[in-house]
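Here's a quick walk through a two-chain model, starting with the fold of one chain and ending where the chains meet. Have the structure open as you read.

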Amino acid sequence: MDLTLSPSEQSFRDELRSWLAENHPGDDPPGEDAAFDHRRKWQRQLYDAGYAGFSWPKEYGGRGATLVEQALFGEEMARARAPQPANVLGMVMGGPVVIHHGTDEQKERWLNPILTGDEIWCQGFSEPDSGSDLASLKTKAVKSNGEWVVTGQKVWTTFAHKSKWCMLVARTDQDAPKHQGLTYFIMDMDQEAVQVRPLHQITNEPEFNELFIEEARIPDENVVGGVGNGWGVAITTLMNERAGLGAASAAGMRMALEDVTQLARDRGVDEDPVIRQRIAQLAIEVELLRLNSWRGLTQIMKRGVPGPEGSLPKWQWGEIHQTLTELAADILGEDAAEWNNPWTYRLLRSRANSIEGGTTEILKNIIAERVLGLPKLR
Amino acid sequence: MNFDFTDDQQAIKRTANELLAARFKSERVRELAEAEKYDEDAWKEMCELGWAGIFIEEEHGGQGLGVVELVILMEELGYALAPVPFLSNAAAGLALQFAGTDEQKERWLPGIASGEARGTVGMVRDGEARLVPDADSAEVIVLIGFDGSTSVVEAGAAEIEPFETMDRTRRFAHVRADGGEPLGGDCFAAGDRIATALAAETVGVAQKAMEMAVEYARERKQFGRPIGSYQAVSHRCAQMLLEVEGSRSGAYYAAWCADSEPESLPAAASGAKAYSSDAGWRVCGSSLQVHGGIGFTWEHDLHFFLKRAKTNAMLFGSAREHRERVASLALAKSETVAA
């Protein structure tokens, strides 16, 4: 057991830390469009410095970073409170799918503009009737004159209105079992047949969208991984690509913990024994999130697959963030009702943490069935 | 960065697991618990294997390994619920090795390392240590006050009053003693390592209780299907895994800090002890709920684990006390960051 960084990891981190100190773009400006432009510039800045597509192999313009470097990268970004780059979904999901399953032509066409941020990507998986049960999705793609004609509805599509490409999973075989009739497409968003409608969440921000797709056209060369293989293509890249996210989310929670301890001090409740117990419990759980993430990374490096503890960080993170913002609201008292208080925003926004990217209930199902070997519900 | 055991450490874990599984089958643990006895033969065997002195320096008769190796043994001892005076003796060894004077080490560590002259540790509140494991069979008792005062006393000079706790797999006593001589060093250096070892033992206890729940949930059928296929039960089991793995990460990390990064030990040790204290009880209680009525019976083994988990939670500082320490460290730390 050795939890220290190797000299090369250490120097990587120091280099990144000083680069961030000099190049931090500042907070997002107010206004959705201005904030997005800011993040797009940040994406370009990361690309120019060789930090975009960090986990991607070098031959595709990435850095070929090790898992440890990926985790350190996430930690340092969170520690510096750097904004997210604009093309997160392209870098974390779209690019890796093309790298693993795409043809040489597809790689040539799509990969570089993801990294530069010139082409933004969004994800068209969920539908109004298909959330956790993704494989039940109904959006239909029919082949006609060498191209695919797509009709259906998608939801929770982050950045759809800013996107050039959509990672779309659609049903291409109505008769096959539900996991086998799906195909993974890259759909051009720039067509009349695709209508984007913003979906306002409880914070009143339109962070997500609905997509209404009425006979949209997708050329055959935009199928990734072969017709009928959509389910496998969609899920295979998820696990390992997320490996570094646990450490990053722990670092984010550590910053949030700093904020809440500062709030307790500012409000003069830092000697209150109940508040102290709650701060301590959060401090412990934030640390355990970090440790579980690093233990998970060690397991992946040793065995090639995440161990049991690798499935826990997302669940832990959601709970910690929700509990932490509830503590902040308790400390604020009446002021927590104020709409413009940043903690009020976080209190509300964090309600989605146990839903987005896999609900806590689905994570528990996965742990129960695949880790503990309990019988399936179905 | 490697958050896993080395091959040598894996070998220690495997050996401990196999030996303890062979010596402490469930009937044997029950027999010992009901007779309120320890398995002296198994204890001798462990001592011959060098377990008692695993972390004690070689010059004092130990193996010269670290707290990580001790924690590996503690987890397996908890998993087997082994009725042996291991924890008490290890606690005394940790106190003397990490806070004792040279003289105290020379005098007491060899007996602790060989298991022939055992020690124990008690936490003193208002002049009395209320929950001291194995004081009646120890030669030396290290008393640590919550105010940071310490004394090393010969058992013969102490007032020892054994009493029954809910945990029948372990002996406890109230201890009072005047005099004795203080430890030479920092009692927190000792206390943090003891808390770490105990947290690791609770990890093993909780792991076993979780496995019992999962096995039962796979086999027990109601309404025509295994109860583990119902989410009310399976999600309870998933929660157990979350808490067991969190406790495990915390205990392993604290052990590593003890050996390799002592400046991080205070928060790590108190965090591990606080979390495992709550998690141990919750996991065992949740396992009882999965078992239903049978889990509430004396004839089922689960209650031995439940009671050990709760008693461990009380021992060497409660979750509340350790959390208060974490709060002090967290609030102090962010002050320095702000400054």
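## Chain B at a glance

In chain B, 70% of the contacts with a separation of 6 or more are between residues 24 or more positions apart; a contact here means C-beta atoms, placed from the backbone, within 7 Å. This is a predicted model, where local features need pLDDT of at least 70 and side-chain atom pairs count only at pLDDT 80 or more, while totals for chains, interfaces and linings use all residues. Residues are numbered from 1 along each chain as its sequence is written, and chains are lettered from A and ligands numbered from 1 in the order in which they are written.

Chain B has 11 helices and eight strands, taken as DSSP runs numbered from the N terminus (helices H or I, at least four residues; strands E, at least two). Its radius of gyration, over C-alpha atoms, is 20 Å, close to the 20 Å from the globule rule (2.2 Å times the number of residues to the power 0.38) for 339 residues, so chain B is as compact as a globular protein of that length.

## Around B:Ala95

Beyond its neighbours within four places in sequence, B:Ala95 is in contact with B:Gly100, B:Val121, B:Val142, B:Leu183, B:Ala190 and B:Ile194.

## Where the chains meet

On the chain A side, 39 residues are in contact with 40 residues of chain B. Helix 9 of chain A gives the most to that side, with 15 residues. By class, the chain A side has 21 nonpolar (Ala, Val, Leu, Ile, Met, Phe, Trp, Tyr, Cys and Pro), 11 charged (Asp, Glu, Lys and Arg) and seven polar residues (the others, Gly among them).

Notes. Two residues are in contact if their C-beta atoms, placed from the backbone, lie within 7 Å.
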